[in-house]
Amino acid sequence: MAAASERSPNSRQPRRVPPGRPPRDGYGVYIYPNSFFRYEGEWKGGKKHGHGKLVFKDGSYYEGQFVDGEIMGEGCRLWASSGNTYSGQFVLGEPQGRGIMTYKAGGRYEGELSHGMREGHGCLVDQDGQVYRGAFHSNKRHGRGQMVFLNGDKYDGDWVRDQRQGHGVLCQADGSTYEGQWHSDVFSGLGSMAHCSGVVYRGMWINGHPAGTQATRIVILGPEVMDVAQGSSFSVKVQLQQDDGEVAKSEDGRVLKISAGVRYVQLQAYSEVSFFKVDEDDREMPIQTPFGFDCITYPLSSPKSGGLEPRAALESSRANSPLHEGDLEPALASDALCGQEDPPGGLPGGGCKPCCPEDCQRVERGCAQFMDVRLGPPPPGYHPVLFLGGVHKKAGNSPRSCLGPMRTAPTTQDPPGGSRPDGAAVAELAAAAFPGEYVIMVRDVTTPPFLGRVLPTAFKHLRVSAEGAWPRPHIPGEGPGTPS
């Protein structure tokens, strides 16, 4: 009985047949006359039918289902020349339907295919690990799809022949987002970029760059020369403008920083002199301005930011003040004259420490405004130098004999002219800038690469005038100073 079973035509033992005569039915091995193909598997009516393996001479093979001599149904294919493998559905010898293609160079595709190419919907992971999920046509990303790039960027939108084209949203790894039109894989057309720095640009794009309506300069509005009283705060309004002078309303979020400088004057008779005699350790290169003179940096303060208040200025100068203790108390009680109120609980002994001003603002629709800006007291290392016409006349000497770099400038406790202001004025002036010529500077501290470059710094000439008994400082070469 066992011997009869072994001779049964349904036995899985392969039956070799002479060349030119493939097996009729059952399971058998056939080597084709050209010796390029070798088939081992099931036969029906002299044709490959059922499950089998077709081996090619170059080492390629197909293993899976056959129907009437054709590769049809589920199977697995290896291409020896490329090393790629495919597992899935076949029609007439070609991958068609759904399947998984694994590439020897790296990466894999899982999805729909037609005639051996990616066609329809699928997921492609390339050799770098980038992932695309969406529509394909003729082996290329084409239609709607999402892509996760190696650097962490994510794109969701339209594709045309492997390039982003149409409408799409790009979320970059750094937090920046672009939404709008694409062409040939770059921003092109109407779109909006929200950069991670906070800058937002809305408008036309060409070849990945904003087109025509971005800002090219910062403009500080107001008169050519701003005049403010000593100790007063002021506001600075700023616009981002295009080449044609129009406000760049398409821009939001640029960060602008405000700073100040004081006029720097060099006297031939005295080496280096400015409105302040500056200690060697604090000297710096002068900043060029468009007003015909240079400046050196000068601090800003703001009532909102905790800058040195009049009360604190008096407290900090108590040790060196020529006023008696009794004169200080009315001064400390006179904050109302300066428009200040005591903080809850009063100030600690010795006053409060000056803080940096709130010196940055973000642009909204091309505009920004700095409120309550104030020039602070001279910083350490800056010693005021006054050239006063009244002193010149009393001394009967030339300016060379007046207050120079090596002379001690009048202090707020001992003003020139012999008059001594009350305590409130002393407190206010101790916390304010000396009268003179200053410069306000607004610069762009945001550098989003898509905007191309940082906007040039804007300058505004600021003139601080004295009040009451405080005369306006004399600028060498402008004639004697006069009280304001």
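Trainee: Are Tyr178 and Trp182 buried or exposed?

Mentor: Some ground rules: this is a predicted model, where local features need pLDDT of at least 70, side-chain atom pairs count only at pLDDT 80 or more, and totals for chains, interfaces and linings use all residues. Residues are numbered from 1 along each chain as its sequence is written, and side-chain values use heavy atoms, with hydrogens and water left out. Buried means under 20% relative accessible area, exposed over 50% and partly exposed in between, using a 1.4 Å probe and protein chains only. By that rule, Tyr178 and Trp182 are both buried.

Trainee: How many aromatic pairs does the count come to?

Mentor: Rings of Phe, Tyr and Trp (its six-membered ring) pair if their centres lie within 6.5 Å; planes under 30 degrees apart count as stacked, over 60 as edge-to-face and the rest as tilted. Going by this rule, the number of aromatic pairs is 24.

Trainee: What kind of aromatic pair do Tyr39 and Phe66 form?

Mentor: The centres of the Tyr39 and Phe66 rings are 5.1 Å apart. Their planes make an angle of 80°, and that pair is edge-to-face.

Trainee: How many residues apart in sequence are the parts that Tyr39 and Phe66 tie together?

Mentor: Tyr39 lies in strand β2 (residues 37-44) and Phe66 in strand β4 (residues 61-67). Helices (H or I, at least four residues) and strands (E, at least two) are DSSP runs, numbered from the N terminus. So the pair ties together parts whose separation in sequence, in residues, is 27.

Trainee: How many salt bridges does the count come to?

Mentor: A salt bridge is a side-chain nitrogen of Lys or Arg within 4 Å of a carboxyl oxygen of Asp or Glu. With that rule, the salt bridges number 12.

Trainee: Which residue does Arg141 meet in a salt bridge?

Mentor: The N to O distance in this bridge is 2.8 Å, and the partner of Arg141 is Asp162. The pair links distant parts of the chain, 21 residues apart, with Arg141 in strand β11 (residues 140-148) and its partner in the loop between β12 (154-160) and β13 (163-171). Arg141 counts as buried because its relative accessibility is 16%.

Trainee: How many residues apart are Arg263 and Glu437?

Mentor: Arg263 and Glu437 form a salt bridge, their closest N and O atoms being 3.1 Å apart. Arg263 is in strand β22 (residues 255-264) and Glu437 in strand β30 (residues 436-444), distant parts of the chain whose separation in residues is 174.

Trainee: Over which ring does the charged end of Arg118 sit?

Mentor: A charge sits over a ring if NZ of Lys or CZ of Arg is within 6 Å of the ring centre and within 35 degrees of the ring normal. For Arg118, the distance to the ring centre is 5.8 Å, and the ring belongs to Tyr109.

Trainee: Where is Asp372 found?

Mentor: Asp372 has a positive phi of about 55° although it is not a glycine. Asp372 counts as partly exposed because its relative accessibility is 25%. Its place is strand β28.
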